[in-house]
Amino acid sequence: MAVTTNSAGSPAGGAARRADAGVVRLTQRDIDGLLLCGEHYGAPYDLLAAALGVPPGRLPAIVRRWRRTGYAAAGRLGPGPGWCWLTRDGMSATGLGFPAGRPALGRLAHIRAVLAARLWMQASPAWAAGQPWWHSERRLRADEPAAGRGGHVPDAEIHWPSVAGAPYAGQVWAIEVELTPKGAGRTGRIITELLTAMQYAQVVYLTAPAARPLVTRVAAGLAPWEQARVTVRELPPVAFTAEPPR
């Protein structure tokens, strides 16, 4: 039986097929999530859901949409929830331009902790009042050519805009996430370098319980005017690997 079509080439009486049918449309939430994955080497599902403000059960469907675009890949890389990371096309589409690939297994714990620290700080009243921005380690390394690198690169910077009445206006903070103690000498050299050469208003250490005593002891041994510029806090509980969903 012949099928009569209208002038647009669609079956008579049926709805015309949209030109973009089958194309995945990205929302601002999608873009924010893809950028977050790219800036942090990848993201575990539970923290990614928290960052996007969606229930954990909805996150797999969102990631599947990203995978259909070719911008993201996903999988279970270790204990706990699955991970999402950007492909080469995803890096290109977001304009980040970082090397694409799954996060290194040996860095999963640190990557998770840094992202957890970011989300914890972004949930604070000071963040809401000051509206700063997070400058990730990947961006810091991209900003400085390899030939010019020689000093320590922090895990992130927080830039506080110079807005009248905003807390910490105009300041730049260095963020260090410490899961295991590095040794007093090395920790002391890192803190001293960040306080002097890079001119940070504050060096903020967010530590796991195992690293906190050493970092606290090193900070206490600084000169009084340096101690005032170093803050040591515990990482939030979500910084550590979550149990896989059952």
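Me: What does Leu59 touch, leaving out residues up to four places away in sequence?
Reply: This is a predicted model. In it, Leu59 touches Tyr45, Leu48, Ala49, Leu52 and Val54 once residues up to four places away in sequence are left out.

Me: And which residues have the most contacts inside the largest nonpolar core?
Reply: Leu48, Leu59 and Trp66. That core has 40 residues.

Me: Which element gives the largest share of this core?
Reply: Helix 5, with seven residues.

Me: What about a second core, how many residues does it have?
Reply: The second core is separate and has 15 residues. Among them are Ala174, Tyr205, Val215 and Leu222.

Me: Back to helix 2. Which of its residues are buried?
Reply: Tyr45, Leu47, Leu48, Ala49 and Leu52 are buried in helix 2.

Me: What covers them?
Reply: The cover includes helices 1, 3 and 5. It also includes strand 1 (43-44), strand 2 (72-75) and strand 3 (83-86).

Me: How do helix 2 and helix 5 sit relative to each other, parallel or perpendicular?
Reply: The axes of helix 2 (residues 45-52) and helix 5 (residues 108-122) cross at roughly 20° and come within 11 Å. Angles under 35 degrees count as roughly parallel, so helix 2 and helix 5 are roughly parallel to each other.

Me: Left-handed or right-handed crossing?
Reply: Left-handed, as helix 2 passes helix 5.

Me: Which residues make that contact?
Reply: From helix 2, Asp46, Leu47, Ala50 and Ala51. From helix 5, Arg112, Leu115, Ala116 and Leu119. Sorted by class, the contact of helix 2 with helix 5 has six nonpolar residues, two charged and no polar.

Me: Now helix 1 and helix 3. At what angle do the axes cross?
Reply: Roughly 80°, with the axes of helix 1 (residues 28-39) and helix 3 (residues 59-69) coming within 11 Å. Helix 1 is therefore roughly perpendicular to helix 3.

Me: Which residues meet there?
Reply: Helix 1 brings Arg29, Asp30, Gly33, Leu34 and Cys37. Helix 3 brings Ile62, Arg65 and Trp66. The contact of helix 1 with helix 3 divides into four nonpolar, three charged and one polar residue.

Me: Which residue other than glycine has a positive phi near 50°?
Reply: Gln131. Most residues other than glycine have a negative phi.

Me: Where is Gln131, and is it buried or exposed?
Reply: Gln131 is in the loop between helix 6 (125-130) and strand 4 (133-136). Its relative accessible area is 52%, and Gln131 is exposed.

Me: What about Tyr168, what is its phi?
Reply: Tyr168 is not a glycine, yet its phi is positive, about 65°. Tyr168 lies in the loop between strand 5 (156-159) and strand 6 (172-178). With 37% relative accessibility, Tyr168 counts as partly exposed.

Me: Zooming out, how many helices and strands does the protein have?
Reply: Ten helices and eight strands.

Me: And what percentage of the residues count as buried?
Reply: Of the 246 residues of the protein, 41% count as buried.

Me: Last one. Of the contacts between residues at least 6 apart in sequence, what percentage join residues at least 24 apart?
Reply: For the protein, 61% of those contacts do.

Notes. Residues are numbered from 1 along each chain as its sequence is written. This is a predicted model: local features need pLDDT of at least 70, side-chain atom pairs count only at pLDDT 80 or more; totals for chains, interfaces and linings use all residues. Side-chain values use heavy atoms; hydrogens and water are left out. Axes are lines fitted to C-alpha atoms, for helices over the stretch in contact, and angles run from 0 to 180 degrees between N-to-C directions. Helices (H or I, at least four residues) and strands (E, at least two) are DSSP runs, numbered from the N terminus. Angles under 35 degrees count as roughly parallel, over 145 as roughly antiparallel, 65 to 115 as roughly perpendicular and the rest as oblique. A crossing is left-handed if the near helix is turned anticlockwise from the far one by less than a right angle, and right-handed if clockwise. Contact means heavy atoms within 4.5 Å. Ala, Val, Leu, Ile, Met, Phe, Trp, Tyr, Cys and Pro count as nonpolar, Asp, Glu, Lys and Arg as charged, and the others, Gly among them, as polar. A nonpolar core is a set of buried Ala, Val, Leu, Ile, Met, Phe, Trp, Tyr and Cys residues joined through side-chain atoms within 4.5 Å. Buried means under 20% relative accessible area, exposed over 50%, partly exposed in between (1.4 Å probe, protein chains only).
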